[in-house]
Amino acid sequence: MMEKLRNPKNVKTISLIVAAIFVIGCFTLAMSAGGFGSAVASAASSESAIGVVNYQVLVSQSPRLEQIRSDMQKAIADTRKEFDNNSQNMNDEEKERYYKQLQERLANKEKDLMDPLLKDINDTIKKIADKKGLKVVVDKATVVYGGTDITDEVAKALQNPKK
């Protein structure tokens, strides 16, 4: 029996078995000490505190969006008339500068019209997230997997605001 243990091939095999048992023992000890098991539990509990919304759907389904579109179309038409009337005697460089000023003014108008809608959507998301105990809400387009989808609840709340 001693002769079999002295064989170099058997010594290597026995050494590998002992090393494997040692590594498995260390891994088991680390898991039971709370390292791996609590990390998995922590990840699972934090996932339940993450909400997702399809922000694009919320904006497109907003009842106020049609009025904003209408206001923007009117502003664009008015700006077009203004440009046509005021740029008749301008050279190309002046027309381009004036056109850029009008575009900037239209962008500011759009921002002024959209900001209250976006604030209302964000406030509604926060209210529903707080009610559900969600700590974080992200756009659904950035989420690969998981999270609690609250898009429908937010959309319903936006359709029927309680004042």
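Q: Where does UniProt place the "coiled-coil region" feature?
A: The unreviewed UniProt entry places it at residues 76-112, with positions given in the numbering used here, feature names shortened, and annotations that may be inferred rather than shown by experiment. This is a predicted model, in which local features need pLDDT of at least 70 and side-chain atom pairs count only at pLDDT 80 or more, while totals for chains, interfaces and linings use all residues. Residues are numbered from 1 along each chain as its sequence is written, and side-chain values use heavy atoms, with hydrogens and water left out.

Q: Which residue forms a salt bridge with Asp149?
A: Lys140 does, with the closest N and O atoms 2.6 Å apart; a salt bridge here is a side-chain nitrogen of Lys or Arg within 4 Å of a carboxyl oxygen of Asp or Glu. Both partners are partly exposed, Asp149 with a relative accessible area of 37% and Lys140 with 39%, on a scale where buried means under 20% relative accessible area, exposed over 50%, and partly exposed in between (1.4 Å probe, protein chains only).

Q: How many salt bridges does the rule give?
A: The count comes to 11 salt bridges. Among them is the one between Asp78 and Lys74, at 3.0 Å from N to O, and these two residues lie 4 residues apart in helix α5 (residues 65-86), about one turn of the helix. Asp78 is partly exposed at 37% relative accessible area, whereas Lys74 is exposed at 53%.

Q: What about Lys119, which residue does its side chain meet?
A: The side chain of Lys119 meets that of Asp123 in a salt bridge of 2.8 Å, N to O. Lys119 and Asp123 are 4 residues apart in helix α6, about one helical turn, and Asp123 counts as partly exposed at 39% relative accessibility.

Q: Which residues of α7 are buried?
A: In helix α7 (residues 151-159) the buried residues are Thr151, Val154, Ala155 and Leu158. Seen down the axis of α7, they fall within an arc of 100°, so they line one face of the helix, the arc being that of the directions from the helix axis to the C-beta atoms. On the other side of α7, Asp152 and Lys156 are exposed.

Q: What covers that buried set?
A: The cover for the buried residues of α7 includes β1, α4 (55-60), α6 (92-132) and β3, with contact meaning heavy atoms within 4.5 Å.

Q: Last one: is Lys135 buried or exposed?
A: Lys135, in the loop between α6 and β2, is exposed, with a relative accessible area of 70%. Lys135 and Gly51 are 84 residues apart in sequence and 7.8 Å apart in space, C-alpha to C-alpha.
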